[in-house]
Amino acid sequence: MIIRPRVRGFVCVTTHPTGCARNVEAQIEHARRHPIANPPRSVLVLGSSTSYGLGSRIALAFGGGAATFGVFFDRRPTARRPGTAGWYNTAAFEEAAARAGLRSACYNGDAFSHEAKSRVVAALKRDFPPVDCVVNSVAAPRRTHPDTGRRFTSVLKPIGAPYRSKTLNTDRAEVTDVELPPATPEEVDATVAVMGGEDWRLWIDALRDGGVLAPGCRTFAYSYVGPELTWPIYRDGAIGRAKADLHRTAEELDAELAATGGGARIAIMKAVVTQASAAIPVVPLYVSILYGIMKEKGDHEGPMEQAGRLYGEKVYGGGGIQADAGGFIRLDDLEMKPETQAEVLRAWESVSSGNLRAVSDFEGYRSAFLQLFGFEVPGVDYGADVDPAVGIPALIAD
């Protein structure tokens, strides 16, 4: 079939398997050009099919030669309907890993469930060396608690008072005003249940109890701080409460894993275009402005470049883990340069629908968004017939 992009709000409901595969190939080439000096031997990546999770898996496998196991939750394609982008990304990764002789396997299912943990632990015990690196990159809007069966849904809301700001309607290329009501206490608790640290701990406990956690294992989770203009809905909003819970979990896990020479760290990442960030009010406009400024300065990075720098320079490089005084590994250092943020603020104050393309990289944002789904990827013939029914080698469950 011929597959065209169909965008509804902040989601593209179609995906292109060839474009997704080409994206993965480009990331693999980047990883090969940036080898990791002292890589881990065996890696589990939770949320491995897109964005930072995918970049992390590629960096550690093709930049470090590590055995990698990916956990993701994506829709399988049929002969008449494309699967999700993460499905095609994983298929391309597994095929490339097999060609390169890298040990690799994956599980498609709900990472929050007990079943996922038991199935993955069994597969790791059977086929992989003990895990000495665990990457937690799960980004899900909902979670069913594995013990109670209660279903939680996260919210993108401030706490205490409404929040008013500018935002970007990407469909119409318009800058509009947005007002978000404050989250209720129940909504805050639900957001913490989905995006906090509980499931990260459950995974580490399951790996330890299953006998597949190596002495000296290190585990990493991703977070974001950002500039003050995003704080009401991010750092100080419901998401911020969830991130605070994630940070507390990191401190607890770090103390426990230190007993065998390991540890847990939070990496503070840069704002990038992802399926999750596209849904957050204010963020697409901020990212559009930021991208233009950082590209002009020559220090722009996407998820693959961020993951490569994280593991190649700040974790497994010659100098060991490089963290700030708070214990965070800062990958937002280039984004948060004072001169960069000053330029962002000046553009933010003046941006409107009329000058959007002049003061921001809207076209770059739009292209990066479509590339998440395999569209507008250089070198792909989008007029060619393509079979959407792509399978995944080394798939443990679906």
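Colleague: At its relative accessibility, does Asp-332 count as buried or exposed?
Modeller: Asp-332 counts as buried, because its relative accessibility is 1%, where buried means under 20% relative accessible area, exposed means over 50%, and partly exposed is in between (1.4 Å probe, protein chains only). This is a predicted model, in which local features need pLDDT of at least 70 and side-chain atom pairs count only at pLDDT 80 or more, while totals for chains, interfaces and linings use all residues. Residues are numbered from 1 along each chain as its sequence is written, and side-chain values use heavy atoms, with hydrogens and water left out.

Colleague: And which side chain does Asp-332 meet in a salt bridge?
Modeller: That is Arg-330, with 2.8 Å from N to O, a salt bridge being a side-chain nitrogen of Lys or Arg within 4 Å of a carboxyl oxygen of Asp or Glu. Arg-330 itself is partly exposed, at a relative accessible area of 27%.

Colleague: Which residues do salt bridges join into one network?
Modeller: Through shared partners, Arg-201, Asp-205, Arg-208, Glu-252 and Glu-256 are joined in one network. Within helix H6, Asp-205 and Arg-208 lie 3 residues apart, about one turn of the helix, and their closest N and O atoms are 3.0 Å apart. Both residues are partly exposed, Asp-205 at 22% and Arg-208 at 36%.

Colleague: How many salt bridges does the structure hold?
Modeller: There are 27 of them, and another one pairs Glu-29 with Arg-32 at 3.2 Å, N to O. Glu-29 has a relative accessible area of 38% and is partly exposed, as is Arg-32 at 44%.

Colleague: Switching topic, what do the buried residues of H7 pack against?
Modeller: They pack against strand S6 (131–136), helix H5 (185–195), helix H6 (198–209), strand S11 (213–223) and strand S12 (263–268). Helices (H or I, at least four residues) and strands (E, at least two) are DSSP runs, numbered from the N terminus. Among the buried residues of H7 are Lys-243, Asp-245, Leu-246 and Leu-253.

Colleague: How far does H7 reach from its first C-alpha to its last?
Modeller: Helix H7 (residues 238–257) has 20 residues and reaches 29 Å, close to the expected 28 Å, the expected span being 1.5 Å times one less than the number of residues.

Colleague: What is Thr-176 in contact with?
Modeller: Setting aside neighbours within four places in sequence, Thr-176 is in contact with Ser-165, Lys-166 and Thr-167, where contact means heavy atoms within 4.5 Å. Thr-176 belongs to strand S10 (residues 174–180), and its 27% relative accessibility is why Thr-176 counts as partly exposed.

Colleague: Last one, how many helices and strands does the protein chain have?
Modeller: It has 12 helices and 13 strands. Its radius of gyration is 20 Å, close to the 21 Å that the globule rule gives for 398 residues, so the chain is as compact as a globular protein of that length; the radius is taken over C-alpha atoms, and the rule is 2.2 Å times the number of residues to the power 0.38. Buried residues make up 56% of the 398 residues, and the C-alpha trace spans about 60 × 50 × 45 Å along its principal axes.
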